[in-house]
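Good morning, and thank you for making time for this item. I would ask everyone to look at the sequence and the structure together as I speak.

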Amino acid sequence: MRETPEELSELQRLLDASLSRSTAHLRSIIDIDRTLTAKQLAQVVTGMCTLALSTVTAAGEPRISGVDGHFLHGMWHFGTARGAAKARHLAARPAASAAHMRGEELGVFTHGTVEILNPQDGDPAADWPDLLAYFKDFYGADSFDWDNDVVYYRLHPHWMAVYAADFAQLAAQSDSRPPIDHTDRSV
């Protein structure tokens with residue numbers, strides 16, 4: 001868990017506000033017994049979490065694809081190839097939605113706006129050196145040409161809801177997940 005107390009407080013405010021302005025249908029599914037606090041969420045979504053990322057084409061058509069999501073400091077961070085269609089979509093229309101689901105046990109649903117962390121022709125985000133160190137440690141320093149091959153984003157959420165069937169079970173699963181060796185690309 002990398003969140004500061006201030007980040008957890010901000011995330012908790014977002015979770016509470018999002019649920020309070022959700023539809024009655026959603027609130028009937030995600031009630032106080034089937035959601036997580038900000039602290040619990042940060043404990044459960046560690047390491048790499050596959051996200052279904054939704055972007056929009058110039059014609060207003062939705063597109064969905066998968067990305068490696070990393071929940072850091074209360075927000076999703078993800079990358080893609082600089083030439084990927086989703087990178088073009090996000091450069092022109094930075095609104096995005098992301099969902100992380102683990103069967104029927106967990107669903108984290110987020111709507112927001114992306115920030116490019118390492119623009120090719122601009123200044124990187126202030127925290128990019130720390131994030132880059134994290135990503136290099138996770139994927140391997142030689143996995144990419146980090147300056148030219150990949151672009152990373154932070155999804156600034158304006159709405160986020162969490163469905164969790166059983167926090168204790170999720171926490172136990174998170175604690176027992178074996179580490180993944182992302183540096184071995186031979187598989």
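Let me begin with confidence. What we have here is a predicted model. The mean pLDDT of the protein chain is 90, and 93% of the residues score at least 70. Within the protein chain, strand 3, residues 75-81, has the highest confidence, at 98, whereas helix 6, residues 167-176, has the lowest, with a mean of 76. Residues 178-187 fall below 50 in pLDDT, and beyond near neighbours in sequence this stretch makes eight contacts in the model.

I turn now to helix 4, which spans residues 85-92. Which of its residues are buried? They are K86, A87, H89 and L90. Because these residues cover an arc of only 160 degrees around the axis, they lie on the same side of helix 4. The face turned away from that buried side carries R88, A91 and A92, which are exposed. As for partners, the buried residues of helix 4 pack against strand 1 (48-56), strand 2 (62-72), strand 3, strand 4, strand 5 and strand 6 (150-164).

Next, the aromatic residues. How many aromatic pairs does a search of the whole structure find? The search returns eleven. One of these is formed by Y134 and F138, a stacked pair with 6.2 Å centre to centre and 20 degrees between the planes. Both residues belong to helix 5, residues 128-139, where they sit four residues apart, about one turn of the helix. Y134 and F138 are both buried.

A second example is the pair of F144 and W146, which is edge-to-face, with 4.9 Å centre to centre and 85 degrees between the planes. The two partners fall into separate accessibility classes: F144 counts as partly exposed because its relative accessibility is 28%, while W146, at 6%, counts as buried.

Finally, the loop glycine. Where does G103 lie? G103 is found in the loop between strand 4 (95-102) and strand 5 (106-116). Is this residue buried or exposed? With a relative accessible area of 57%, G103 is exposed, since the cut-off for that class is over 50%.

Thank you for your attention.

Definitions and conventions:
Residues numbered from 1 in each chain as written. Predicted model: local features only at pLDDT ≥ 70, side-chain atom pairs only at ≥ 80, totals over all residues. Heavy atoms only, no water. pLDDT = per-residue confidence, 0-100. Helix = DSSP H or I, 4+ residues; strand = E, 2+ residues; numbered from the N terminus. Contact = heavy atoms within 4.5 Å. Phe/Tyr/Trp six-rings, centres within 6.5 Å; stacked < 30°, edge-to-face > 60°. Buried < 20%, exposed > 50% of the residue type's maximum accessible area, 1.4 Å probe, protein only. Arc of directions from axis to C-beta.
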